[in-house]
Every structure is written in C-alpha cells, then in structure tokens.
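Have a look at the fold before reading on.

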Amino acid sequence: MLNSTGVPDKDQVVSRFFDEKILSSYKAIIECYEDIPCNPCATSCPVSAITIAPDIHAQPVVDPSVCTGCSICVTSCPGLAIMLATVMEDKARFKIPYEMNESFEKGTEVHAIDRSGEIIGVAKVLNVSNYPHQLKTRLITVEVDASLLHDFITIRGIQHG
C-alpha cells in the first residue's frame, strides 16, 4: 500500500510499535519505511538508543531498553517520521513533531488525524514546547483514546463556525 498511496498499511505501522508493557513509558516510534541516506535521529540520540547499520541507507532501529523518551530525535528528524508514544490505562499519549503555523493551547481539544489525513477522533493537547534547538519544529504532547494507538499520527485544530 505504501508504494501505491504513500500511506503505510496497518501491519507496517504496527511493526514499528512496541508492546504495551514497553510503552509504559515514552519510547521513540520511527516510521521510516524506505531505505534513504539519513541519520540525524541516530546522531542526535544522547544515549545511542537509535542505530543505523553501517550503510547509511538502512532504516533506523530503536532499542526500547535504552530509549529514555527524551524526544531529541523527534525534533531532529527532517522527515517528521518520529514520535514518542506511551500507553496509560485507556489513554495513549504521543509527543509529535508539528511544523504548521497553527498554535494550540494546553487543554485544547483538537482533531486526531490518521495517516490518510482523516479525522479519527479527539485529541487533547497536554503540552506545547518550542525550544530554540527545535528550530521550526514544535513538540506537541497529546492524549487520545488508547484504541487509536496505531491509527493516530497528528492533529488538526477544530474549526468553529
């Protein structure tokens, strides 16, 4: 499906996630599905939790036992292909990269969006960070229903009127 639509299928997405026991704390989820010459995630990781084979064209791999969930890789990725995820009871929380001009306030409810750009539910904005080292990429922490763990990818503001 990825080659024909640009959207990974459910099996591809699920293959990038860790089980819920591992996701009891934030872990990096890397959605690189093709071999391209890229390594900012690996070089920016302060604990070397992300590795790339000697061939820089290989896809990065996260070692969840080493990943601390610091989020540096999320804002370092030029392809916006990394997010952090955790599951807490019936909620999934994500730290996602966001480069649109739209701004969000803590506590705001927004649309939860899937990889096809469709609205799949409601997300609550828990935090918005914008540090100088992040350049144009803000890190937005959101919470969605845990059933959306493998479907959620980003947010869009709810339009009124």
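A residue counts as buried when its relative accessible area is under 20%. Keep that cut-off in mind, and keep in mind that this is a predicted model.

**Cysteines**

Cysteine 32 has a relative accessibility of 18%, so this residue falls on the buried side of the cut-off. How many disulfides does the structure hold? The count is 0. For cysteine 32, the nearest cysteine sulfur belongs to cysteine 77 and is 5.6 Å away, and cysteine 32 is in no disulfide.

**Rings**

Now for the aromatics: the structure has 2 aromatic pairs. The phenylalanine 94 and phenylalanine 152 rings have centres 4.7 Å apart and planes at 35°, so this pair is tilted. It ties together distant parts of the chain, since phenylalanine 94 belongs to strand 5 (residues 91-98) and phenylalanine 152 to strand 9 (residues 152-156), 58 residues apart. Both phenylalanine 94 and phenylalanine 152 are buried.

The other pair joins tyrosine 98 and phenylalanine 104: with centres 5.3 Å apart and planes at 75°, it comes out edge-to-face. Tyrosine 98 is buried at a relative accessible area of 5%, and phenylalanine 104 is buried at 8%.

There's also a charge to look at by a ring. The charged end of lysine 95 sits over tyrosine 26, 4.6 Å from the centre of that ring.

**Pockets**

| Pocket | Volume | Lining residues | Lining make-up |
|---|---|---|---|
| Largest pocket | About 480 Å³ | 24 residues | 16 nonpolar, 4 polar, 4 charged |
| Second largest pocket | About 200 Å³ | 17 residues | 13 nonpolar, 2 polar, 2 charged |

Which residues lie nearest the centre of the largest pocket? They are Gly79, Leu80, Ala81, Ile153 and Thr154. Strand 4 (82-88), strand 5, strand 6 (109-114) and strand 9 each give two or more residues to the lining of the largest pocket.

In the second largest pocket, the residues nearest the centre are Cys32, Ile36, Cys38, Cys77 and Ala81.

Terms used: Residues are numbered from 1 along each chain as its sequence is written. This is a predicted model: local features need pLDDT of at least 70, side-chain atom pairs count only at pLDDT 80 or more; totals for chains, interfaces and linings use all residues. Side-chain values use heavy atoms; hydrogens and water are left out. A disulfide is a pair of cysteine sulfur atoms within 2.5 Å. Buried means under 20% relative accessible area, exposed over 50%, partly exposed in between (1.4 Å probe, protein chains only). Rings of Phe, Tyr and Trp (its six-membered ring) pair if their centres lie within 6.5 Å; planes under 30 degrees apart count as stacked, over 60 as edge-to-face and the rest as tilted. Helices (H or I, at least four residues) and strands (E, at least two) are DSSP runs, numbered from the N terminus. A charge sits over a ring if NZ of Lys or CZ of Arg is within 6 Å of the ring centre and within 35 degrees of the ring normal. On a 1 Å grid over the protein atoms alone, a cavity is a set of points where a 1.4 Å probe fits but cannot get out, and a pocket is an open set with protein on both sides within 12 Å along at least five of seven lines; lining residues have an atom within 4 Å of a point. Grid points are joined across faces, edges and corners, and a volume is the space filled by probe spheres set on the points. Ala, Val, Leu, Ile, Met, Phe, Trp, Tyr, Cys and Pro count as nonpolar, Asp, Glu, Lys and Arg as charged, and the others, Gly among them, as polar.
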